[in-house]
Amino acid sequence: MKRPGIRALEAHKSQFTAFIPYGGNPGTEHTVEQLAGSGLVEKIYLLTPGTGPVPFKGCFPLRVRSLNAGSTMKKIAARTTTPYALLVLHDLAIEFGRFALERLASVAGATGEGMVYSDFLESGGSSPVPHLLIDYQEGSIRDDFDFGSVVALESSALKKGAKEIGNYRHAGFYALRLAIARRKGVFRIPETLYTKSEPDTRKEGVKLFDYVDPRNRAVQAEMEKAATHHLKKIGAWLKPGRAPVNLDEGEFPVTASIIIPVRNRANTIGDAVASALGQQAAFQFNVIVVDNHSTDGTTGILRTIAARDPRLLHIIPSRTDLGIGGCWNEAVHHSSCGRFAAQLDSDDLYLDGSTLRRIVETFLADQCAMVVGTYRMTDLNLREIPPGVIDHREWTPDNGPNNALRINGFGAPRAFFTPVLRSVKIPNVSYGEDYAVGLAVSRRYRIGRIYEPVYLCRRWEGNSDADPGTAKMNLNNWYKDKVRTIEIRARQRRSTK
């Protein structure tokens, strides 16, 4: 395919038709002035819900219901008369760097990609701070992928994609970028091409749960519809229906084991173990704690408890290269592991003494390979904190395995039929290992759900995801996108057999 080079760029001085959301932000005028004076923008549209005249010279009003509506994407496509549409995604002031627009057009032309985005600088303090994003990949189909605030859309990919998307109120841009990614791809420029202020100043650990906010259920339903359409288009959609699991397979010393990986949680491990040992059930169970070479007193606490209660197995692995997933493998492949293996993090608690019993009852009732419960977010003193109860009601028996590729987790607590978990194996990492296993299990087996709270997820300053920061969040998101890429390819291969 012939791609435009320097001569083509010079021949098309007007590379962009620009679209800017406007809700009264005074900084928008400066953004408009930059674009109008660049010589590369043919026309500037202000996306606005109002009916009055636009306040800035050289702009045209484009009345839209919302920025993310499908109808908005179609209007943008219809009015793009240049090689690229320049879409500003947020109503805030943008300060473009020198030759930033030229760079966007040049890279878009050189790569032939359908959508291009870049890193940026974040204003605040004495000087702007670089905000680095992550590369888009095949598995980047979560609807909260961060593109920053400026994207360039190749005209033909934009117009073809807009014809395909439905009449969404909320999922228009999401459906459009999935369609563009299918046709021409999405490319990140690892350069800070503009400066903006961050409108959402909440901690990353708080933003993490936006997608499960009950107030967003209507949004989530549309996102699921768009994601399902995309998976069907790329041959990665799983048909409804999973065969029941033979839960009588194998011989086990107890019915269930509660698995607790831990490293340096002296202030919470005692509570977690007490919660596990306090379960009330008619069947036999044990608690397997894999102590990953703690150095803060955790080991002594566990030894003391194990000495007085033989149901606690305190394991210190011989290996020193284990993440949380590796610790899980140690426990699950131990000869003392029960028929069902239930998760409990070292700083969390079960809601009450009935949690383990309800998990096993769900296995037996649903004949499933995995059970996922519902949890309540609390502080260290068990006071509920936002967003409260996380029930993942977006999971449905028919489409849950597909929708799981769009969201960032399965919920908690998670429990597994041990023979299945032993066959799948858990990635030896300390973030996303549970998500990877959940996707792999859902590809082949039934997953049971408990929609009432049975687990307390405690948040405190020492939590690994309380406020991981942008760099850590990028690494975490990149890994989960890579897990999705692996899973999409596995499902594509499955659908062709």
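Reader: What counts as a salt bridge here, and how many does a search of the whole structure find?
Author: A salt bridge is a side-chain nitrogen of Lys or Arg within 4 Å of a carboxyl oxygen of Asp or Glu. The model is a predicted one. A search of the whole structure by that criterion gives a total of 24 salt bridges.

Reader: Which residue meets Glu138 in a salt bridge, and how many residues apart are the two?
Author: The side chain of Glu138 pairs with that of Arg489, at 2.9 Å from N to O. The pair links distant parts of the chain, with Glu138 in the loop between β7 (129-131) and β8 and Arg489 in helix α16 (residues 469-496). The partner is Arg489, and the separation is 351 residues.

Reader: Is Arg489 buried or partly exposed?
Author: Buried means under 20% relative accessible area, and exposed means over 50%. The relative accessibility of Arg489 is 48%, so Arg489 counts as partly exposed.

Reader: How many residues of α6 are buried, and what covers them?
Author: α6 is mostly covered, with nine of its 12 residues buried. Among them are Gly172, Phe173 and Tyr174. The cover includes α3 (70-79), β4 (84-88), β6 (115-122), β8 (150-154), α5 (155-164) and α8 (217-233).

Reader: Where around the axis of α3 do its buried residues lie?
Author: Gly70, Thr72, Met73, Ile76 and Ala77 are buried in α3. They cover an arc of only 160° around the axis, so they lie on the same side of α3. An α-helix has 3.6 residues a turn, so residues three or four places apart point the same way. What the buried residues of α3 pack against is β1 (16-21), β2 (41-48), β3 (59-63), β4, α5 and α6.

Reader: Which residues touch the most other members of the largest nonpolar core?
Author: In soluble globular proteins, nonpolar side chains tend to be buried together. The largest nonpolar core here has 141 residues. Residues that Phe147 touches include Leu89, Met115, Tyr117 and Phe173. The two core residues that touch the most other members are Phe16 and Phe147.

Reader: Where is Pro387 found, and what is the omega of the cis peptide bond that joins Pro386 and Pro387?
Author: Pro387 is found in strand β16 (residues 384-390). The bond that joins Pro386 and Pro387 is cis, with omega at about 5°.

Reader: What is the phi of Lys425, and where is its place?
Author: Lys425 is partly exposed, at 44% relative accessibility. Its place is in the loop between α14 (418-424) and α15 (433-444). Lys425 is a residue other than glycine with a positive phi, near 70°.

Methods:
Residues are numbered from 1 along each chain as its sequence is written. This is a predicted model: local features need pLDDT of at least 70, side-chain atom pairs count only at pLDDT 80 or more; totals for chains, interfaces and linings use all residues. Side-chain values use heavy atoms; hydrogens and water are left out. Helices (H or I, at least four residues) and strands (E, at least two) are DSSP runs, numbered from the N terminus. Buried means under 20% relative accessible area, exposed over 50%, partly exposed in between (1.4 Å probe, protein chains only). Contact means heavy atoms within 4.5 Å. The arc is that of the directions from the helix axis to the C-beta atoms. A nonpolar core is a set of buried Ala, Val, Leu, Ile, Met, Phe, Trp, Tyr and Cys residues joined through side-chain atoms within 4.5 Å.
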